[in-house]
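Look over the chain, then read on.

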Amino acid sequence: MASASAQPAALSAEQAKVVLAEVIQAFSAPENAVRMDEARDNACNDMGKMLQFVLPVATQIQQEVIKAYGFSCDGEDACLTTRRSPTLRSPLACFHTLVSSIVR
């Protein structure tokens, strides 16, 4: 597990925009589009199954991109967040933080 004293990722608004664009592009990659389609098919439009099948695939795809920018995701799906909040949070919360930094 990552230590709370580890150096958190720090992104400018411009860097966050680049990362977000790369995440969106990653979802468009043929292999990831297939993974997402399979997950959606397995979920059968059921919200509970969406959380079970689609969310983990989406999280893995975005993690593959954001780890290159200093976000450290461990085996327990914890992810070191921004310079303002050096605490462990879920990858989805990390992505939300990333998107929020663009909106500011």
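A nonpolar core is a set of buried Ala, Val, Leu, Ile, Met, Phe, Trp, Tyr and Cys residues joined through side-chain atoms within 4.5 Å. Buried means under 20% relative accessible area, exposed over 50%, and partly exposed in between, with a 1.4 Å probe and protein chains only. This is a predicted model: local features need pLDDT of at least 70, side-chain atom pairs count only at pLDDT 80 or more, and totals for chains, interfaces and linings use all residues. Residues are numbered from 1 along each chain as its sequence is written, and side-chain values use heavy atoms, with hydrogens and water left out.

Q: In what order do the elements of the protein chain run from the N terminus on?
A: Helices (H or I, at least four residues) and strands (E, at least two) are DSSP runs, numbered from the N terminus. The protein chain has four helices and two strands. Their order is α-α-α-β-β-α.

Q: Which residues have the most contacts inside the largest nonpolar core?
A: Contact means heavy atoms within 4.5 Å. The largest nonpolar core holds 14 residues. Inside this core, the most contacts belong to V19 and M36.

Q: Which helix supplies the largest share of this core?
A: At least two core residues come from each of α1 (13-28), α2 (30-43) and α3 (47-66). The largest share is six residues, and its source is α3.

Q: Is α1 roughly parallel or roughly perpendicular to α2?
A: Axes are lines fitted to C-alpha atoms, for helices over the stretch in contact, and angles run from 0 to 180 degrees between N-to-C directions. α1 and α2 pack at about 70°, with axes 5 Å apart. Angles under 35 degrees count as roughly parallel, over 145 as roughly antiparallel, 65 to 115 as roughly perpendicular and the rest as oblique. So α1 is, relative to α2, roughly perpendicular.

Q: Which residues of α2 make the contact with α1?
A: From α1, the contact uses A26, F27 and S28. From α2 come P30, N32, A33 and M36.

Q: Is N45 buried or exposed?
A: N45 sits in the loop between α2 and α3. N45 has a positive phi of about 60°, although it is not a glycine. Its relative accessibility is 72%, so N45 counts as exposed.
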